[in-house]
Structures are given as structure tokens and as C-alpha cells.
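Here are my notes on the model. Please read them with the structure open.

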Amino acid sequence: ADRVREFTDYLPLDQTLLYSDDGRGILPAMRRPTTGKLSVGPPFADASNDIAKRWATLVWQASQAFWSETNADNLVRIREAGRRANSSFFVIANWGVSASVRELGIRRQLGHDVRRWVRGARWQMLEENRGRGYVAPGLVADFWTPCRVMASYGAEPALLSYHGSDLRQVELGYAEIASAGCGAFVGGESGPEVRSAYRAFFHERAELFEDVKPYSPVGVYYSFDEIQRNNDEHLVIFYAVARALGRSHVPFDVFTRESLIEGTTELPRVLINPAATDLPAPDRWSRDRTKIIMVGRDGESPLEMLASEEIALDDVLGMDFAAMKEAVSGWLHVDLRRPAPLARVVESACGIQLALTDDLAAHAIRLRVFQQPEKRRAIVHVVNYGHAPLVDGADVSGSAQSFPLRVPAACTGIDHRHREVDAVWTEGPDMAQETLAKRRTDDGAIVVDIPPTDVYRVVVITYR
């Protein structure tokens with residue numbers, strides 16, 4: 001705040017200047033160049049001077065903090081004014097597009113900040129300009145990770161995606177938000193029968209979604225501060241890591257600086273740091289014996305840990321739906337059905353097998369695991385992204401096959417190393433409960449065979 005006051009005393013905030021790394025020099029704030037990374041600089045900042053750049057970054061961050069705090073104050077005022085007339089009044093703040101560097105880069109220049117906004121608007125809208133679905137074998141575009149980012153800050157995502165009237169997108173949207181364990185899908189007027197089916201399922205089977213916490217032996221670190229520092233590498237690698245773990249069927253969740261510092265979040269066995277420079281609370285790592293894997297910058301090269309398409313997909317996610325489909329149409333030859341090299345490194349660091357399946361038939365499936373310790377249950381959400389191909393001509397004919405599911409090896413709070421699996425069943429919208437037979441493999445793992453899944457099902461595992 002002191003830096004903001006010092007800066008704005010010298011130059012009005014609406015006259016803030018930007019300089020760009022592409023050599024265009026100083027520009028008025030409202031004339032953002034279309035290329036290059038942007039920073040706020042003091043008047044007549046020399047872009048070639050490292051000290052000036054550091055000062056510019058500090059002012060940029062402080063200015064954005066000031067702006068986002070002002071937005072948060074206004075959200076609180078709006079909410080409180082509404083509640084004077086109706087005690088149930090609440091605010092939904094429109095965050096905008098989340099899952100691409102280009103679009104998020106715009107938001108970081110507009111005072112957007114989930115952390116600050118949440119005190120005035122627990123619900124925040126992810127207004128995404130594309131759909132979700134199948135791109136190539138093993139590669140899907142999803143909004144599960146942005147939803148978990150919101151949840152990690154204590155917010156509830158209201159997911160609105162522009163996908164036209166494609167009913168498959170509507171069905172997959174409801175399935176995806178169910179698997180995120182938070183928020184709501186804004187499906188509009190399309191597919192009223194689908195909406196009714198999922199609403200009935202959420203209402204009648206509310207116990208499957210209440211008092212749950214993620215099963216996260218692996219964590220992926222996310223820092224909005226890094227994004228405001230123009231560290232675009234962090235965001236690109238963050239989403240690529242999430243895609244790699246997803247296709248490898250390794251359970252994970254998002255961890256933020258705030259959740260780590262406050263100490264309210266149980267630490268994972270392995271924490272992946274995707275090119276961030278502000279990883280906090282190192283004393284907790286040794287105490288809780290969490291191992292850290294660095295990807296990018298001073299750590300492992302992302303090119304060695306991730307598939308190039310998992311990184312390159314970010315380039316097209318900021319496009320509109322039609323442009324994205326055209327951009328990825330040349331990826332039909334891509335085959336990412338096998339686990340990512342990163343998954344092997346994570347399992348080695350963790351010391352146990354984490355992958356919930358290694359069957360190639362599950363390449364379009366994403367498995368999201370939550371747990372209910374008091375009920376001694378694990379809840380596995382099975383989502384088939386092959387239901388909605390994003391690329392014309394993509395072969396998704398085998399995406400709904402049966403596959404073996406390995407029961408999670410060490411659910412926190414459900415120490416079933418000393419417990420026996422009691423029962424396993426599956427259910428879903430318009431799907432009656434079905435008991436699943438369990439079997440033990442030669443290596444001692446408990447496995448159940450998951451029936452073919454068209455879009456979505458829940459698998460419930462109970463322990464004695």
C-alpha cells in the first residue's frame with residue numbers, strides 16, 4: 001500500500017504507464033500491446049535496466065493488490081446492501097476465462113484475485129469461451145483443475161462454458177462439476193432432462209457429496225502471485241502437470257500458498273512445484289515428510305517430464321470453441337494413453353503405487369477421488385471425456401470400455417492398511433445401485449472392474 005501511495009502521488013493511477021519486453025517502450029495503460037509480457041513501471045522506466053524492472057514489478061503487484069482489494073470492498077458493500085432487503089442475497093463475481101495464459105493475463109491486469117474477492121463473493125463465475133472434452137488418446141481439455149483452484153481459495157466456482165447447443169457438452173459439464181466436489185454448472189436452457197436427472201441425483205444422494213475432502217497424496221502448487229509477476233511459465237507448466245497426472249490416473253489436488261501457510265490443509269506426500277519461486281513454509285515439509293519435485297526453472301525440465309502436446313494445448317485453450325477445434329484437428333495422431341514420465345517420478349518419490357488404473361482402455365476417463373473419513377468411505381468419480389470429442393474425426397468408439405480400478409492405497413483418515421474393504425458399489429443419474437465384486441491381485445492390491453461408463457458414475461468404497 002505504501003508503494004501504491006508513493007507511486008500514485010507522483011502520477012495519477014489512471015495515467016499508469018506500461019512497458020513491454022518486446023521493445024515497444026512506454027505505453028499508456030489503456031493501450032496494451034498485443035504481444036510481449038507487460039509490467040507496470042515508474043515514469044520513464046528504462047526497460048533495459050534490471051533495477052527499474054524490479055521496481056516496476058513491485059509497483060505492478062502493489063497496484064493490482066490495491067485494485068483487487070477495492071473490488072473486494074465493493075463486492076462486500078453490494079452483498080451487505082442486498083442482505084438488508086433479503087437475508088439470503090448473495091453475489092456472484094464474474095472471474096472470466098481461467099485456463100489459458102493469454103486470458104488469465106488479461107484478468108491479472110483488471111484487479112481480479114480469487115483470494116481477495118472471496119470475502120465478498122464466495123461464488124465466482126468461470127466464464128469459459130470453450131467446451132471441455134476429448135482431444136486425442138490420453139489428452140482431454142477440462143475445467144476440473146480451474147474449479148479446484150477456486151476451491152483451494154475457499155470459493156465456489158459457477159462454471160459457465162460456451163459450447164453452443166451441444167447436448168454432449170451439457171451432459172459432460174454436469175458430470176465434471178460433480179467430480180470437482182464444489183461449485184455448480186451453469187447449463188442454461190439446453191438439456192432440461194439432463195439437468196433434472198443430475199439435480200435429482202444430487203438431491204437424493206446428497207450424502208455422497210457432503211463432508212468430503214479430496215484424496216490427495218500428490219499436490220500441485222498454484223500461485224496467483226507468480227501470475228501477477230508475469231511468470232507465465234508457472235501457469236503453463238501447472239496445467240500441463242495437471243493433464244499429465246490426470247491421464248496417468250494419479251489422484252492429486254491443488255495447493256496454494258495460503259493453504260500451506262495457514263496449515264489447515266493436510267500436506268500431500270509429494271508436492272509438485274511448477275516453476276514457482278515463492279513456495280512457502282519449508283519447515284512443514286521436513287516435519288510432515290513431504291517430498292518436493294521441481295518442474296521447470298531450477299528443477300526437472302518439463303520437456304522430460306511431460307508430453308509436448310500437454311504443454312502446447314495451452315496455446316489453443318484461449319481460442320473460441322470453433323477456433324480451438326480447428327487448431328487441434330491436426331493432433332489426431334497423438335497417443336498419450338501410457339502414463340506420463342512425471343507419474344513414474346511421483347510414484348517413486350511417494351513409495352507406493354498411486355495410479356488407480358494402468359489400463360489403456362481408460363485413456364478418455366478421468367478419476368477424481370474424495371473421502372469421507374467418518375463414514376470410512378472413499379468416493380471415486382468416473383468421468384468419460386470421450387463422450388464429447390472436441391476434434392472432428394476423433395475416434396472415441398472405445399472410450400466407454402470397462403476397466404479395472406485399483407482401490408486407493410492410503411486414503412488419509414481411512415487407514416485401511418489395517419481395515420478390510422467392506423463393500424463396493426456404483427451408481428449415478430438414471431443409474432440404479434450395482435454391487436461390484438472385488439478381487440485381490442498378485443501384488444496384494446484390491447481391484448474392482450468398472451462397467452462401461454457412457455458419461456459419469458460414482459464408485460463408493462466402504463471399509464470395516
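1. The sheet. In this predicted model, six strands make up an open, antiparallel sheet. Their order is β10-β15-β16-β22-β18-β19. The edges are held by β10 (213-214) and β19 (431-435). Each of these two has a single partner strand, so one side of each lacks a neighbour in the sheet.

2. Strands β16 (residues 377-384) and β22 (residues 456-463) run antiparallel and are joined by seven bridges.

3. Which strands does helix α6 touch? Helix α6 (residues 167-180) packs on the sheet and touches β15 (365-372), β16 and β22. The direction of α6 makes about 155° with that of β16.

4. α6 against α7. The axes of α6 and helix α7 (residues 192-204) come within 10 Å. They cross at roughly 15°, and α6 and α7 are therefore roughly parallel to each other. The crossing is right-handed. On the α6 side, the contact uses L167, V170, E171, Y174, A175 and A178. On the α7 side, E193, V194, R195, Y198 and F202 take part. By class, this contact of α6 with α7 has eight nonpolar residues, three charged and no polar.

5. α5 against α6. Helix α5 (residues 144-152) also has an axis that comes within 10 Å of that of α6. Here the axes cross at roughly 40°. The two helices are therefore oblique to each other. α5 passes α6 in a right-handed crossing. W144, C147 and R148 of α5 meet E176, I177, S179 and A180 of α6. The contact of α5 with α6 divides into four nonpolar, one polar and two charged residues.

6. Confidence. The protein has an average pLDDT of 82, and 82% of the residues score at least 70. Among the elements, β16 has the highest mean pLDDT (96). The lowest mean (34) belongs to strand β2 (residues 25-28).

7. Where to be careful. Residues 3-47 have pLDDT below 50. The model still gives this stretch 82 contacts beyond near neighbours in sequence. Over residues 412-418 the pLDDT also stays under 50, with 19 contacts beyond four places in sequence. Where pLDDT is low, predicted coordinates should not be read in detail.

Conventions
Residues numbered from 1 in each chain as written. Predicted model: local features only at pLDDT ≥ 70, side-chain atom pairs only at ≥ 80, totals over all residues. Heavy atoms only, no water. Pairing = 2+ DSSP bridges. Helix = DSSP H or I, 4+ residues; strand = E, 2+ residues; numbered from the N terminus. Contact = heavy atoms within 4.5 Å. Axes fitted to C-alpha atoms, helices over the stretch in contact; angles between N-to-C directions. Parallel < 35°, antiparallel > 145°, perpendicular 65-115°, else oblique. Left-handed = near helix turned anticlockwise from the far one by under 90°. Nonpolar A, V, L, I, M, F, W, Y, C, P; charged D, E, K, R; others polar. pLDDT = per-residue confidence, 0-100.
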